[in-house]
Amino acid sequence: MVCPWWLCYSFDNPLRRLFHDPERLLHPYVKPGMTVVDLGCGMGYFTIGLARLTGPEGRVIAVDLQQKMLDALGRRSRRAGVAERIVLHRCRKASLGIEDSADFALAFWMAHEVPDKPRFFGEILALLKPQGRLLLVEPKLHVTRKSLERTVAVCRETGFHVLEEPPVALSRAYLLGRG
Ligand SMILES: C[S@@+](CC[C@H](N)C(=O)[O-])C[C@H]1O[C@@H](n2cnc3c(N)ncnc32)[C@H](O)[C@@H]1O
């Protein structure tokens, strides 16, 4: 099931910074000038931090199925002064439809909402540069270890390999590289 827009406020709020500080969490992977993709960006909890990390020379492609999420992110990014670094991209269920190549992709608390995982991870693999990385993070609360292991198995079959399992609060996380 796709997360409804109104539910976003339950986890996309200032309190979350106490355990998920976007810049602190993502700075090991994102450098100035990079092109990064925020998959299932929602209202942009991580997108603004990603835009600060990529800097004015970088770009964040913020991808979501729901226009309401992208509209909210557009308003937030203008208030934060980083709107010109962010491309809002509404995808379809059957395809991400991203033409650019990226250095880094983030899939935070969203992969369990994607029904066709082989297609999804295949598209991410295709858009990443050879040294590109995918950070896959799933919530412990409603994604079981077994279910996430099945997802990671799909990643491996697609052509990813696991580089690290970084600690992320309330979550299980995998840093994945190509081939
Ligand atoms: C639980 S929210 C997480 C939002 C954000 N990543 C965060 O951690 O705050 C999941 C988001 O993924 C989006 N989503 C679900 N399936 C998707 C798909 N196949 N492609 C792109 N976005 C999707 C939903 O619309 C929703 O905005």
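This is a predicted model: local features need pLDDT of at least 70, side-chain atom pairs count only at pLDDT 80 or more; totals for chains, interfaces and linings use all residues.
Helix 3 is followed by glycine 55, whose phi is positive, near 75 degrees.

**Helix 3 and its cover**

- Helix 3 is largely enclosed by the rest of the structure, because eight of its eight residues are buried.
- The buried residues in helix 3 are Thr47, Ile48, Gly49, Leu50, Ala51, Arg52, Leu53 and Thr54.

**Glycine 49**

- Glycine 49 lies in helix 3, which spans residues 47-54, and this glycine counts as buried because it has 24 C-beta neighbours inside 10 Å, where 20 or more are required.
- When neighbours within four places in sequence are left aside, the contacts of glycine 49 are Pro22, Glu23 and Leu26.
- Proline 139 is 90 residues away from glycine 49 along the chain, and the C-alpha atoms of the two are separated by 20 Å.

**The largest nonpolar core**

- The largest nonpolar core comprises 47 residues, and those with the most contacts inside it are Val36, Ala62, Ala105, Leu106, Ala107 and Leu134.
- The element that gives the most to this core is strand 4 (residues 102-108), which supplies six residues.
- Leucine 134, one of the residues with the most contacts inside the core, touches Ala105, Ala107, Ile124, Leu128, Phe160 and Leu176, with residues up to four places away in sequence not counted.

- Strand 6 (residues 160-164) pairs with strand 7 (residues 171-178) in the antiparallel sense, and the pairing runs over four bridges.
- Within this pairing, valine 162 stands opposite leucine 176 of strand 7, and leucine 176 is also among the residues that leucine 134 touches.
- Six residues lie between the two strands of the hairpin, in which leucine 170 takes a positive phi near 60 degrees.

**Around the ligand**

- The ligand is surrounded by 22 residues, of which the closest are Gly40, Gly42, Tyr45, Met110 and Glu113.
- By residue class, the shell around the ligand divides into 15 nonpolar, three polar and four charged residues.

Notes. Residues are numbered from 1 along each chain as its sequence is written. A residue is near a molecule or strand if its C-beta atom, placed from the backbone, lies within 6 Å of it. Ala, Val, Leu, Ile, Met, Phe, Trp, Tyr, Cys and Pro count as nonpolar, Asp, Glu, Lys and Arg as charged, and the others, Gly among them, as polar. A nonpolar core is a set of buried Ala, Val, Leu, Ile, Met, Phe, Trp, Tyr and Cys residues joined through C-beta atoms within 7 Å. A residue is buried if 20 or more other C-beta atoms lie within 10 Å of its own, exposed if 12 or fewer, and partly exposed in between; C-beta atoms are placed from the backbone. Two residues are in contact if their C-beta atoms, placed from the backbone, lie within 7 Å. Two strands pair if DSSP finds at least two bridges between them.
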